[in-house]
Amino acid sequence: MDVGKIIDKYGSRRRFLIAILQDIQEQERYLPKEALRQVSLRLGMPLVDVYGVATFYSAFSLEPRGRHEVTVCLGTACHVRGSHRILEEFERQIGVEAGHTTKDGEFTLESVNCLGCCAIGPVVVVDKVYHGEMTSNRVKTLISQCRKAQKVEAS
Amino acid sequence: MSKLKSTTELKSLQEKLGKTQHRDRPTIVVSSGTCGRSRGSSQVYAAFEAGIKDRGLADKVNLRDSGCHGFCQAEPNVVVYPGEVFYANLKPEDAATILDETVGKGQVVDRLLYADPGSGKKAAKLGDVPFYTKQKRLISGRNILLDPTRIEDYLAIGGYSGLAKALSMEPKAVTEEVVKSGLRGRGGGGFPTGLKWQRLGQGTPKYVICNADEGDPGAYMDRGLLEGNPHSVLEGMVIGAFAVGATEGVMYVRTEYPLAVTNVTRAIEQARELGLLGENILGSGFSFDITIARGAGAFVCGEETALIASIEGRIGEPRQRPPYPSEKGLWGKPTIVNNVETWASVPIVVEHGGEKFASIGTKGSKGTKIFSLVGKVNNTGLVEVPMGTTLREVIFDTGGGIPDGRKFKAVQIGGPSGGCLPADKLDLPVDYESLTAAGAMMGSGGMIVMDETTCMVDIAKYFLNFLQEESCGKCFSCREGTQRMYEVVDRITQGNGRADDLALLEELATMVKDASMCGLGRTAGNPVLSTLANFRGEYEAHVLEKKCPAGVCKALIHYRILVDKCTGCMACAKACPQKVISGEKKQPHRIDQSGCIKCGICKDSCKFDAVVVE
């Protein structure tokens, strides 16, 4: 892990703490404990403050992410078109609640308060691809597509 | 391209680029924002690109990948010039037909034209589409004219002329022009922009910030502008910085908008390369640069003091005002914070004069406002109308009314801080004063339409859940108050509401409003107060009769299969995750209520409307 390089890029300056954490998360797909320690040491700030920022913002994750990331939008426009039912169906199909990763590390399920694609709600993002006008019937298909893609990669 | 050293050089470049745009050639514009791409606009674009190549038309036809044209419901869509022919809901294979028929022979392809869902009437060109006829796309209309990844396109349509004009004026005069325009903050509060600039305190350096942390759920006009015309926002910021003497600018964009971040980042680099940002802008001696800070998923960071804390690398907690950021802002220095749409309006105000801008709108609310018209409405998308247009015009004329023959119930305006307005408020003009007087607020411009299948108690619960999650926790009243209100409303939706719960809710909502520090807390009671004021009967049905009239609150409803409508196709039985639907093939089915989790999948999978909510 090259957290040091990321910190160097920002000149070890505290004002860039959020940007540094964002870059680490992008690279590692989560914020490992060791990385937070390194950030605290290099920026000369208490670990509790780094931890405070890392847990205040919902874009950061302190747990490793699954191979596939599913994000269900729960914005108002999606809500009135039944996004809560879409989320429930994902929870049933994937077997974890929003905010968690499956034990086999396959899926991380997240909810988000608005993705700003309100006109095509309910919106779900699977591995950075946006799917609009979701229905609970399409959930199964999306998940099996992910699983299939995984198998193809593995073979 | 090399750095421009004067406004004269800018002008000649604009003219040169204007000529090289080949406006005389047939032009195909693909609407390709995030919504468009999710519906396949990239594939449509690729099909046009390939089709043009195959036909050897590369030097004869312009193809443009533009930002969002606003009509998300009709994505992917293209506009073909000349004739401004509008083709909606396209598939990649339609590209060949359009190239052969419209571009090749000048024929309109009737089957690809947009048909109004109500009347079935087809619109021959963009201006005839009912979605567009009542709009005045002063700010958002330029999206269609340019590829947001090319500064050349923006310059070719006269972009940065506002800046050139500002640089020829006294800074104070620029601010006065903004005062004259009557432009008010488009992010929520509606504070007069010019006044904000005039009140900027003494001290150096001074900062300008663009608040692009568009967190209101249901609102996305800022994304539309950042993705579709990032230079207009940057130009506004440079003009603002010149007017107030700021040297540094920060664009705070939410991380949930990846395409916006990409387009803005590229735009900043291009502007720097041309000397429209950086040292000695256009040889004027004025220097100013912009950096990007990405948000990290905290709604409260839309509040200006929290946003500043976040830029400084800290937890996004708001602080007490005064001192306002205009006195003590970023790094304790005088700072102006304006939102995306406000900044994008500035070049237009300066270029065409404040008075012209002020001629649009109402007495207290000038110019146009972009709304995201979403929810249970036929034509969803970004709508820009003059201030003072009525809700009815927006929802029924531009929006095309409510789908599936259902009835309008409410429109939620102003995000979590706003309110839900019922049908008897439909003739309300949309401006800052009228909305506030009606118990809602302009907010950033989300308009979420609800029909009779939306439960207003559930909506209040939704917002309270949102607010209790997003409360930063600094003020006790907001932290605990939003949670308590959520518990009470949740109890009501579970059928366990008590007779005195509504009074308790009112008391809590008022307390949170009165005792919280920032805008989030001070308005956190609004979703409850406005739904209670306008839809009290619905609350009473939940509390007294233990019924959810809209058929939403799970504890109070059940699903049933209508014997006379069920064909026994077994689709619901197959889809049911609990396997509690039974029946013979071609015979009416039934749901075993004891095992039903009320997920509604049976209703979604039934093609015969045989599953009903009771």
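**Close-up 1. Arginines over tyrosine rings in chain B.** Arg254(B) sits over the face of Tyr257(B), 4.9 Å from the ring centre. Likewise, Arg184(B) lies over the face of Tyr432(B), at 4.2 Å from the ring centre. A charge counts as over a ring if NZ of Lys or CZ of Arg is within 6 Å of the ring centre and within 35 degrees of the ring normal. This is a predicted model, in which local features need pLDDT of at least 70 and side-chain atom pairs count only at pLDDT 80 or more, while totals for chains, interfaces and linings use all residues; side-chain values use heavy atoms, leaving out hydrogens and water. Residues are numbered from 1 along each chain as its sequence is written, with chains lettered from A and ligands numbered from 1 in the order in which they are written.

**Close-up 2. Aromatic pairs.** Rings of Phe, Tyr and Trp (its six-membered ring) pair if their centres lie within 6.5 Å; planes under 30 degrees apart are stacked, over 60 edge-to-face and the rest tilted. Over all chains, the count is 17 aromatic pairs. Take Tyr57(A) and Phe60(A): their ring centres are 6.4 Å apart and their planes at 90 degrees, so the pair is edge-to-face. Both Tyr57(A) and Phe60(A) are buried (under 20% relative accessible area, with exposed meaning over 50% and partly exposed in between; 1.4 Å probe, protein chains only). In chain B, ring pairs join Phe71(B), Phe86(B), Tyr114(B), Phe131(B) and Tyr132(B) into a cluster.

**Close-up 3. Helix 4 of chain B and its buried face.** Helices (H or I, at least four residues) and strands (E, at least two) are DSSP runs, numbered from the N terminus. The buried residues of helix 4 of chain B are Asp94(B), Ala95(B), Ile98(B), Leu99(B), Thr102(B) and Val103(B). Down the helix axis, these buried residues fall within an arc of 135 degrees, so they line one face of helix 4; the arc is taken from the directions from the helix axis to the C-beta atoms. Exposed residues Gly104(B) and Lys105(B) are on the face turned away from the buried side. After the helix comes Gly106(B), with a positive phi near 70 degrees.

**Close-up 4. Helix 18 of chain B, residues 456-470.** Of its 15 residues, 12 are buried, so helix 18 of chain B is largely enclosed by the rest of the structure. Among them are Tyr462(B) and Phe463(B), with relative accessibility of 9% for Tyr462(B) and a relative accessible area of 1% for Phe463(B).
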